[in-house]
Amino acid sequence: MSTDLPTVVVSSGEPAGIGPDLCLMLARHNWSSKIAVVADIHLLEERAAILGISAQLLSRPSIDDVTAHIPGSLQVLHIPLKSTCIPGSLNPANSDYVLNILKLCTTLCSSRQAGAMVTAPVHKGIINDAGHAFSGHTELLAELTGAPLPVMLLC
């Protein structure tokens with residue numbers, strides 16, 4: 001397989017939400033790219049066990065270590081959670097984690113180390129409850145990149 005495949009970074013979103021579940025489902029498909037999920041690898045392991053999803057989770061120390069996607073596996077850039085996560089139970093203590101994974105994905109794209117970013121859902125309210133002025137992905141990405149007119153596309 002070609003080494004010049006595009007690299008896609010995927011933010012795992014709100015750890016108590018559906019984002020980690022969606023990320024795990026990426027392992028089921030054959031993608032013609034390098035896929036790097038930015039998440040707490042232990043969170044993904046726990047969620048895979050709860051959901052009965054079989055996926056080999058491969059910790060990668062940097063984006064440079066991400067290789068072509070192999071079905072049944074998932075390459076993870078590990079960012080540790082700030083606090084324990086219980087699925088379905090929002091915890092403001094993990095808001096910094098959510099923002100940090102979004103910022104890392106943005107940095108990787110802005111520096112052209114990744115060609116695209118996919119973001120899993122976040123919970124704006126819990127991020128605000130943690131004391132952050134946050135109105136959503138679109139506005140944060142615009143702020144981080146200096147984009148003058150941000151536009152959201154949902155697919």
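## Cysteines

How many disulfides does the count come to? In this predicted model, the count comes to 0 disulfides. A pair of cysteine sulfur atoms would have to lie within 2.5 Å to qualify. For Cys85, the nearest cysteine sulfur belongs to Cys23 and is 13 Å away. For Cys109, the nearest one is that of Cys105, 6.9 Å away.

Is Cys85 buried or exposed? Cys85 counts as buried because its relative accessibility is 11%. Cys109 has a relative accessibility of 22%, so this residue counts as partly exposed.

An open sheet is formed by 5 strands in the order 3-4-2-1-5, with parallel pairing. Strand 3 (56-59) and strand 5 sit at the edges, each pairing on one side only. On average, neighbouring strands are turned by 30° against each other, direction ignored.

Strand 2 (residues 34-39) and strand 4 (residues 73-78) run parallel and are joined by 4 bridges.

Helix 2 (residues 41-51) lies across strand 2, strand 3 and strand 4, and runs at about 175° to strand 3. Helix 3 also packs on the sheet, where it touches strand 1 (7-11), strand 2, strand 4 and strand 5. The direction of helix 3 makes about 165° with that of strand 1.

## Helix 5

Which residues of helix 5 (residues 137-145) are buried? They are His137, Thr138, Leu140 and Ala142. These buried residues pack against helix 3 (95-110) and strand 5 (116-119). Just after helix 5 comes Gly146, with a positive phi of about 75°.

Technical notes:
Residues are numbered from 1 along each chain as its sequence is written. This is a predicted model: local features need pLDDT of at least 70, side-chain atom pairs count only at pLDDT 80 or more; totals for chains, interfaces and linings use all residues. Side-chain values use heavy atoms; hydrogens and water are left out. Buried means under 20% relative accessible area, exposed over 50%, partly exposed in between (1.4 Å probe, protein chains only). Helices (H or I, at least four residues) and strands (E, at least two) are DSSP runs, numbered from the N terminus. Contact means heavy atoms within 4.5 Å. Two strands pair if DSSP finds at least two bridges between them. Axes are lines fitted to C-alpha atoms, for helices over the stretch in contact, and angles run from 0 to 180 degrees between N-to-C directions.
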